[in-house]
Amino acid sequence: MLGDEAVRLVKEAKDITADHIPAYNEEQVRLVAQETRYLWTRIEEMYASLGQLTESQGETAETEAATAHGPSQGDGGRDAAMSSSQQTYALSQAEHRNNVGGQTTLYAQTVARNKRCLLAYHDRRAKFLRSLMWNVHLAPSMVPGTLVARMSPSEQTYMREYARLNASYRDAVEAQLIPSYGSLDWAANGELPPRDLLIEVRVVRDCGEIVTENGVVSLQAGTQHYVPRADVEHLITIGYLEHVSPS
């Protein structure tokens, strides 16, 4: 049925959450784009057939006018037969125009709907990528490989360019504000400030060594550390560290 492929894309977009994104469905996008191009080609063909029909009617009208002004070669019965034939022809042409009009309207509505579904699918995924970049402090290298594997090559490029442009803007703004205000935390989530500057974390995945305000800390899987919250919050967000809540 027309539009079914686009509906499947929309259903996939609904599965995107703050923590999960399905793999980019390149095959489904291709099917929707293919159907859209086919329907637009059919619309152009049907409009062309209407143009040819108009030209044919014009030629028929000219022929009838010439016959009407020529010498009379028949009787009233022949004139009645010609009139009946003309009416039948006119009705068939009107029916053809109505059919074409209905089909082109259906196809045009489906084309517009397919485009909206494609835009909604890609917009939902783009919003997830933008949110992800802020969660990792505009550091694409910190995105887990499992998430990267679910992105298309274009999405990976979009993610890196989004991070680069925002980091460039951030650096330019900070250059004007420093030393008046100092460095800004652009990835802050707007929640209430933490009560404790140091938090206890458990290392879920090896992170290597990080430099904190108190020196270098080696984050090996299975170990626990007291570290400044600001230095490891992005690692907690992407699941490399786990915040150990005080009992």
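Helices (H or I, at least four residues) and strands (E, at least two) are DSSP runs, numbered from the N terminus. This is a predicted model, in which local features need pLDDT of at least 70, side-chain atom pairs count only at pLDDT 80 or more, and totals for chains, interfaces and linings use all residues. Residues are numbered from 1 along each chain as its sequence is written, and side-chain values use heavy atoms, with hydrogens and water left out.

**View 1. V211 in strand 2.** V211 lies in strand 2, which covers residues 208–212. Its relative accessible area is 67%, so V211 is exposed (over 50%; buried means under 20%, partly exposed in between; 1.4 Å probe, protein chains only). Between V211 and D231 there are 8.1 Å in space, C-alpha to C-alpha, and the two are 20 residues apart in sequence.

**View 2. T104 in helix 3.** Helix 3 comprises residues 76–135 and contains T104. With a relative accessible area of 6%, T104 is buried. Apart from its neighbours within four places in sequence, T104 is in contact (heavy atoms within 4.5 Å) with I43, M46 and Y47.

**View 3. Helix 5.** The 25 residues of helix 5, residues 153–177, should span 36 Å at 1.5 Å a residue, and the end C-alpha atoms are 36 Å apart, which agrees. The expected span is 1.5 Å times one less than the number of residues. Buried residues in helix 5 include E155, M159, Y162 and A163.

**View 4. The chain as a whole.** Six helices and five strands make up the secondary structure of the chain. From the N terminus on, the elements run α-α-α-α-α-β-β-β-β-α-β. Of the 247 residues, 27% count as buried.
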